[in-house]
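Please read it alongside the sequence and the coordinates.

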Amino acid sequence: MTSDVYSPLSDALKQYADLLLDARKTGHCLQQIPASSVPQNTEEAYAIQDRVAHALMSSFGSIQGWKVGAPTPDSEPFCAPLHQKTIFSGDTKLPVSFCRLYGVEAEIVYVFGSSLPMRSTPWTEEDIRKSIVSVHAAIEIFDTRFCKPGSQSGLIHLADQGNHGALIYGAPLNDWQRLAPVDERVRLTLNGKTLIDHTGGNSAGDPMRLLVWLANHAAKRGFPIQTGTIVTTGSMTGTEFVSAGTIAEVQIGPLAPVTVTLP
């Protein structure tokens, strides 16, 4: 299914989408983009995301996940669709050159067991709770098609798939309702040394609000949550940039730990 919610793109915005695709293809990072190509609002940023997402399907696979977050518990969430080939299950060694940068973030992933397509009435929290089948500890790798992380406006980086590089998620907790995301202990270990050990840490607070918002947003975008969709719900540790060769491990409350080796 495709969506024209944010279409058509202007030629200038198409130019930014094409620059993002070229950066992925060549491995050459972007210093900046033309001023005329800068998205002016989230609708334009998501339209660029959509153009890039459709173009990447032939090489990265279908949309099988989402990232969603928010700067505060009350602010408008933001999101980006994730392709099959950027999502890894279980302890993982990333392929060589899969990411240009390695920004490590500890996150919580939810997996859905039923589809939530577009419908006349919005999906509710009760609907979302019934649809979730498991919860997992996860590591998202922050990457960017720009030479320096954080060098552009928030909307520019949002259009660049929200700085997504890869998502690695651990074994499931099927009794997911007993997880208390804002109260769980979170530990990030790098090469066997604990770097972060604290409680909670997600700027969005309880991720349930994010999941409800995303279910309705994704359906409107033409990438609805389907059976097996994987959703990661924002960093609980901030972003820690590390070098190649690092082994990162995340532990969150009762969830099984997950490890990624960065080549």
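1. In this predicted model, Ser75 has a relative accessible area of 18% and is therefore buried, the cut-off being under 20%. Ser75 belongs to the loop that links β1 (63-69) with β2 (78-83). Once neighbours within four places in sequence are set aside, Ser75 is in contact with Ala70 and Arg209.

2. Helix α2 spans residues 42-60 and shows a bend of about 30 degrees at His54. At the start of α2, a side-chain oxygen of Asn41 comes to within 3.2 Å of the backbone nitrogen of Glu43. Just after the helix, Gly61 adopts a positive phi of about 90 degrees.

3. Which residues of α2 are buried? They are Ala45, Tyr46, Ala47, Ile48, Gln49, Asp50, Val52, Ala53 and Leu56. Among the elements covering these buried residues are α1 (11-26), α4 (154-159) and α5 (208-221), together with β1 and β2. As a general point, an α-helix has 3.6 residues a turn, so residues three or four places apart point the same way.

4. An open sheet is formed by five strands in the order β4-β13-β12-β8-β9, with mixed pairing. Strands β4 (92-93) and β9 (193-199) stand at the edges; each has a single partner strand, so one side of each is left without a neighbour in the sheet.

5. Within that sheet, β12 (residues 247-252) pairs with β13 (residues 258-261) in the antiparallel sense, over four bridges. Ile247 has Thr261 of β13 as its bridge partner.

Definitions and conventions
Residues are numbered from 1 along each chain as its sequence is written. This is a predicted model: local features need pLDDT of at least 70, side-chain atom pairs count only at pLDDT 80 or more; totals for chains, interfaces and linings use all residues. Side-chain values use heavy atoms; hydrogens and water are left out. Helices (H or I, at least four residues) and strands (E, at least two) are DSSP runs, numbered from the N terminus. Buried means under 20% relative accessible area, exposed over 50%, partly exposed in between (1.4 Å probe, protein chains only). Contact means heavy atoms within 4.5 Å. Two strands pair if DSSP finds at least two bridges between them. The bend at a residue is the angle between axes fitted to the seven residues ending there and the seven starting there. A polar contact is a pair of N or O atoms within 3.5 Å; within protein, one must be able to donate a hydrogen and the other to accept it, and residues adjacent in sequence count only if both atoms are side-chain atoms.
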